Amino acid sequence: MEFKSITFSSSINLQELDRNNTIFDDFSLRNIFSGFMGNTRNDELERLLYMPLRNIDDIFYRQEIFKDLENPEIYRIITQFAGTGSQIFYNIKRLNDLYDLQRERWLLDSVYMYSRSIENMLDNMRKAGAKSRGFTGFINYLDAYVASDEFKSLKNDAEQLEEELSSIRYLINIKGVKITVREDRDSKDYASEVKEAFSRFLDEDETIPGYDSTPGFGHVEAAVVELVAKFYPEQFNRLKDFYKRRLNFMDPVISRFLHEIFFYLKYLQYITPLEESGLQFCIPEIKGETDRIYCLEFFDLALAAKLNERKQIPVTNNIIVNRNSSVIIVTGPNNGGKTTFARSFGQLHYLALLGCPVPGKEATILHVDNIFSHFEISENPENNMGRLEEELERLHGILEKATERSLIIINEMLSSTTLKDGIEIGRNIIDKIKKMKSICMYVTFIHELSDLPGVVSYVSQVDRKYPEKRTYKVLPMKSNGMAYAMALARKYNLTYEILKGRIS
């Protein structure tokens, strides 16, 4: 297989999802993406986050790479190579801001850095034992590239010119505001002595206030180098010629790799602090067909990142359902973690479609073709429809698009209608979804829906001793709409039996 990309195994044209899709807000995916990107502004990298993979082989392709990056040595090699690439891209981006000779020298430095980093990376990766198709394909590509006349010529030109320029020596005489530059071939080099003499006045990590450490020229330095160039015209003419011939020196496949590899590195940097806090991530098993779906100890990634700032971790949950009973009804007291449970389930499936490790200890899920969300939204005064009509209209649009391979997550709809009507409408909705055989998680206050045939009931829990306290655990069990009320009544001695006894 010819290597083209580290993020896609195939050349299938991928379509970016509409960024206004409700799942990005309903599942807090935008918050995750923001944490993932950090301070980086990379449109191509961000675009990948809005492109869930339709081809299951592309998912496996990325999963293999994430597994390779679990090897500390491979992670170190790739991180170092990516860092060098970032420095090269920075140099190239700044070329037009520099003086002519500095621009030419920066390009030479970049080419020199580029050729050496490729050889080092290739040598180290050969020994590291990468198994993924992505990394082995890239290693094979580099093998052929390094052996090519194009690379050899580029490397030799850079090394030869680097050696010539490094041998240039000159003297500077400063008297008042007058600077004199002349050729020098025999004087002693005092640079190391000066550096050593002043090193004791400045700690290794100390910076000088007001000093810009970014490499650059002032107009005086630029003038000095221009004078030096007059003494060594052959070397500087070769530098100018090198710049013209090698301006577009970077191989396009390697350039693409250096941009795309940050998809993996940034995600791992994002989840590492959470793993260090004790949370687990796994490579999910994604199947075209499966009899059982389960996710163990999964959690809300956006919430976990937020809690981690306060040195806290979220509650984890499990879910196990058979494929033929794939409508999951979630009930329980308000503020008990039901919405977080549903949001976590949606996040897990979306991140799996990106080929990323997902929150949780272990997971086996279906390769879904689409993910839909229907969360309660604020009523729009300009909308002529009532809340119930608007909710049903949105749901109708979802059901028209969904298939037996789709995931639908519904959160707290039908709150604007009567209980009797809510039960009837909810039953009809669930019947339609069951006939379509879509996977559905339905969070609702209407506990009667959990008694319908062919559904699985999950209930958010409260502390047995202190029923007003939520545990945020959501367990598979039969729903009883009165359980929470009875627990509170017992706590405050307000059950029917106690009240009757007091009256009598």
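Select Ile78, Phe135, Phe257, Phe263 and Ile319: within the largest nonpolar core, of 120 residues, these touch the most other members. A nonpolar core here is a set of buried Ala, Val, Leu, Ile, Met, Phe, Trp, Tyr and Cys residues joined through side-chain atoms within 4.5 Å. Buried means under 20% relative accessible area, exposed over 50%, and partly exposed in between, with a 1.4 Å probe and protein chains only.

Now colour helix α6, residues 100-128: with eleven residues, α6 gives this core its largest share. Helices (H or I, at least four residues) and strands (E, at least two) are DSSP runs, numbered from the N terminus.

A word on the model. This is a predicted model, in which local features need pLDDT of at least 70 and side-chain atom pairs count only at pLDDT 80 or more, while totals for chains, interfaces and linings use all residues. Residues are numbered from 1 along each chain as its sequence is written, and side-chain values use heavy atoms, leaving out hydrogens and water.

**Around Ile78**

Which residues does Ile78 touch? Leaving aside residues up to four places away in sequence, show Leu69, Met121, Met125, Phe135, Phe257, Ile261 and Leu265. Contact means heavy atoms within 4.5 Å. In general, nonpolar side chains in soluble globular proteins tend to be buried together.

**The sheet**

Next, select β4, β9, β5 and β6. In that order they form an open sheet of four strands with mixed pairing. The edge strands, β4 (285-287) and β6 (317-322), each pair on one side only. Two strands pair if DSSP finds at least two bridges between them.

Zoom in on β5 (residues 292-298) and β9 (residues 362-366). They run antiparallel, joined by three bridges. Find Tyr294: opposite stands Thr364 in β9.

Helix α15 lies across β4, β5, β6 and β9, at about 110° to β5. Such angles run from 0 to 180 degrees between N-to-C directions, with axes fitted to C-alpha atoms, for helices over the stretch in contact.

Select Cys282 and Cys295. Are they buried or exposed? Cys282 is buried, with a relative accessible area of 9%. Cys295 is buried too, at 0%.

**The whole chain**

Zoom out. The chain holds 19 helices and 14 strands. Of its 504 residues, 45% are buried.
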